[in-house]
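Dear colleague,

I am handing over the structure we spoke about, and I would be grateful if you could look through it alongside the notes below. They begin with the whole chain and then turn to a few local features.

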Amino acid sequence: MKQLTALTQPSPEDLRKEIRKCRTMTKSPFAVNLTLLPALVPPDYHAYARVIIEEGIRIVETAGNSPGPVIKQLKAAKCTILHKCTTIRHAQSAIKLGVDFLSIDGFECAGHVGESDITNFILLSRARQSLGVPFIASGGFADGQGLAAALSLGAEGINMGTRFMCTIEAPIHQKVKEAIVYAQETDTELVLRRWKNTSRLFANKVAKEAVKVERESTSGKFEDVAPYVSGKRGREVFINGDVDYGVWTAGQVIGLIHDIPSCKELVERIEREAEETIKKAGSLIVGGGSSADPPPGEVGEKMNSPGAEIWGVGQSKL
């Protein structure tokens, strides 16, 4: 499903205009993301949520700190809530708040990565084992092989941000798209870790300088690094095409992006690759085994029994 990001709009009323503009461009339903994060001057989150409700948006992605009051406001309006989490603990808390499904974000992702540094191979498997609601996988996905892997680990699908930035339709400057294509998976920086607000950014000159200031600051005050991580300057990058003008988010998935297709071409390619990958994996199994996780309490009994086998693994040609 397509979605808008609320806080890329300067005000709630600008979000209203963007929602109405989007409706003129598609007949399909779309969601809106509302992320609650520490800021020197916090946005009026409830005002953004009110616009979302008034404009009839019924699916909302939430993320960030202390989302309870906003989730309550949205649920009262009968919105379906997808909440983004970087840890299982936060996911379990979100379920208690009444969210309908979850986006599980691995450490590979762009933007706010959390403070636990858990990558998706572990995080998605833990979600499959621990959560009782559906979830999608976010962070590190750009192709059908990644989609097949996410489905195998228990996700219902994938969420892609950086990959869609690098499409013909993405409303950002061509030079930004080309910078992503030429980049490697090592071309990101983690900033604001000192203040437990860690973000993954494209490793341009400003981001590297921000890391240096953060590391060398003797005061430990956020104000020392604030000029380098200005969201306003970051938004200008997408307009003027100067990739070093301000900071902008990008995931490690930039190392997997090598072209600038249309959205249609990209989605069709991912579907085709995923089908081919799943069929290829299935052809390796010649019989036996169960693909399901064992019921709680049965693992030890099975592994300790005579002739025990690893749960869920059939005979393979390998």
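Accessible areas here come from the Shrake-Rupley method with a 1.4 Å probe. On that basis the protein, which is a predicted model, exposes about 17300 Å², and carbon and sulfur atoms supply 55% of this area. Buried residues account for 42% of the 318 residues, where buried means a relative accessible area under 20%.

As for the overall fold, the protein has twelve helices and twelve strands. Its radius of gyration is 21 Å, close to the 20 Å that the globule rule gives for 318 residues, so the protein is as compact as a globular protein of that length. Along the principal axes, the C-alpha atoms fill a box of roughly 65 × 50 × 45 Å. When contacts between residues at least 6 apart in sequence are considered, 58% of them join residues at least 24 apart. The side chains include 39 positive and 38 negative ones, and the centres of these two sets lie 4 Å apart.

Turning to local features, I would start with helix α6, which spans residues 144-152 and in which Gly-144, Gly-146, Leu-147, Ala-148 and Ala-150 are buried. The cover over these buried residues includes β7 (135-138), β8 (158-159) and α11 (263-282). At the N-terminal end, α6 is capped by Asp-143, with a side-chain oxygen 3.4 Å from the backbone nitrogen of Gln-145. Just after the helix, Gly-154 takes a positive phi of about 115°.

Strand β7, which is part of that cover, holds Ser-138. Is Ser-138 buried or exposed? Its relative accessible area is 3%, and because the cut-off for buried is under 20%, Ser-138 counts as buried. Its side chain makes a polar contact of 3.2 Å with the side chain of Asn-159. If neighbours within four places in sequence are left aside, Ser-138 is in contact with Ser-103, Ile-104, Asp-105, Gly-106, Asn-120 and Asn-159.

Thr-86 is found in the loop between β4 and α4 (88-96), and, although it is a loop residue, it is buried, with a relative accessible area of 15%.

Two residues may deserve a look when you examine the backbone angles. Lys-78, placed in the loop between α3 (68-76) and β4 (80-85), has a phi near 65°, a positive value in a residue other than glycine. At 71% relative accessibility, Lys-78 counts as exposed, since the cut-off for exposed is over 50%. Asp-117, which lies in the loop between β6 (111-112) and α5 (120-130), likewise has a positive phi, of about 60°, although it is not a glycine. With a relative accessible area of 35%, Asp-117 is partly exposed.

With kind regards

Terms used: Residues numbered from 1 in each chain as written. Predicted model: local features only at pLDDT ≥ 70, side-chain atom pairs only at ≥ 80, totals over all residues. Heavy atoms only, no water. Buried < 20%, exposed > 50% of the residue type's maximum accessible area, 1.4 Å probe, protein only. Helix = DSSP H or I, 4+ residues; strand = E, 2+ residues; numbered from the N terminus. Contact = heavy atoms within 4.5 Å. Polar contact = N/O pair within 3.5 Å; in protein donor to acceptor, adjacent residues only side chain to side chain. Rg over C-alpha atoms; globule rule 2.2 N^0.38 Å. Lys, Arg positive; Asp, Glu negative; His and termini not counted. Charge placed at Lys NZ, Arg CZ, Asp CG, Glu CD.
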